[in-house]
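Subject: Structure handover

Hello,

Here is the structure for you to look at. My notes on it follow below the model.

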Amino acid sequence: MSGEAKQKQEKQGLLMIYTGNGKGKTTAALGLAMRAVGHGRRVLMLQFMKGDDSYGECKAARMLPGFEIVQKGLPTFVERGNPGAEDLRLAGEAIAEARDALTSDKWDMVILDEINVAVDYGLVPLAAVLELLDARRPGLDVVLTGRGARPELVKRADMVSEVLEIKHHYQKGVPAREGIEY
Ligand code: ATP
Ligand code: MG
């Protein structure tokens with residue numbers, strides 16, 4: 001590869017997806033964020049369907065310059081296929097905010113956490129996500145997380161990892177734990 005071609009490739013942002021039923025998608029994205037922030041990159045994680053900023057990652061982000069987490073959801077669960085009016089309104093806000101983030105040069109990496117689930121639950125039309133991706137600034141790295149990534153998104157991605165559940169402590173009755181689940 002010529003030096004010029006290599007440089008061009010390095011500048012091209014990547015579209016990365018973490019999906020699958022096992023535990024580790026959001027935390028993988030957070031790991032990527034930490035790595036990027038360590039290099040002085042500016043990272044936004046926009047969380048769909050989440051609305052509780054007492055999670056450890058929200059507290060950690062407040063300690064890390066260059067890393068911001070914005071939540072666009074209620075603290076309660078969304079009913080699959082039957083979202084409430086407020087869930088829909090917040091998802092619409094999240095898409096608008098994602099569009100700003102993906103088109104501006106304010107960020108080097110934008111993580112759309114649980115966006116796959118937001119599509120699956122009928123909160124966000126797939127077409128809106130595809131439009132967002134079309135509009136993104138070329139140099140920006142974009143990460144999508146959540147179970148059930150749609151094939152159309154997988155097709156567009158440069159990297160897709162599926163977290164396979166082998167076992168989870170939840171199955172033997174261990175409840176969600178501070179520092180592990182939240
Ligand atoms: P994490 O945030 O720990 O990386 P995740 O993003 O892969 O998990 P989600 O599908 O977003 O997982 O689910 C959110 C919550 O459900 C997390 O608290 C996680 O621990 C829990 N969870 C994830 N996978 C499983 C599973 N296979 N069985 C039971 N609970 C799970
Ligand atoms: Mg998650």
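A polar side-chain atom of E114 lies 2.8 Å from an oxygen atom of ligand 1. The protein buries 80% of the 570 Å² that ligand 1 exposes when taken alone (areas by the Shrake-Rupley method with a 1.4 Å probe; for residues, only the protein chains shown count as cover).

Before the rest, the ground rules. This is a predicted model, in which local features need pLDDT of at least 70 and side-chain atom pairs count only at pLDDT 80 or more, while totals for chains, interfaces and linings use all residues. Residues are numbered from 1 along each chain as its sequence is written, chains are lettered from A and ligands numbered from 1 in the order in which they are written, and side-chain values use heavy atoms, with hydrogens and water left out.

Ligand 1

Two further contacts to oxygen atoms of ligand 1 are listed here. A backbone N or O atom of G22 lies 3.3 Å from one such oxygen, and a polar side-chain atom of E181 is 3.3 Å from an oxygen atom of ligand 1. There are 13 residues around ligand 1, and K23, G24, K25, T27 and E165 come nearest (near means that a heavy atom of the residue lies within 4 Å). The space that ligand 1 takes up is the largest pocket. A pocket here is an open set of points on a 1 Å grid over the protein atoms alone, where a 1.4 Å probe fits, with protein on both sides within 12 Å along at least five of seven lines; a molecule sits in one if more than half of its atoms lie within 2 Å of its grid points.

T26 belongs to helix α2 (residues 25-38) and E114 to the loop between β4 (109-113) and α5 (115-120), so the pair ties together parts that are 88 residues apart in sequence. Helices (H or I, at least four residues) and strands (E, at least two) are DSSP runs, numbered from the N terminus.

T26 is buried at 12% relative accessible area, and E114 counts as buried at 16%. Buried means under 20%, exposed over 50%, and partly exposed in between (1.4 Å probe, protein chains only). The phi of E114 is near 65°, a positive value in a residue other than glycine. Most residues other than glycine have a negative phi.

Other places to look

M49 also has a phi near 65°. This residue is in the loop between β2 and α3 (56-63) and is buried, with a relative accessible area of 19%.

Q47 is in strand β2 (residues 43-48) and is buried at 1% relative accessibility. Its side chain makes a polar contact of 3.0 Å with the side chain of Q71 (a pair of N or O atoms within 3.5 Å; within protein, one must be able to donate a hydrogen and the other to accept it, and residues adjacent in sequence count only if both atoms are side-chain atoms).

L112, in strand β4, is buried at 1%. P125, in the loop between α5 and α6 (126-135), is exposed at 52%.

Regards

Conventions: 1 Å grid on protein atoms, 1.4 Å probe; cavity = no way out; pocket = protein on both sides within 12 Å on 5 of 7 lines; lining within 4 Å.
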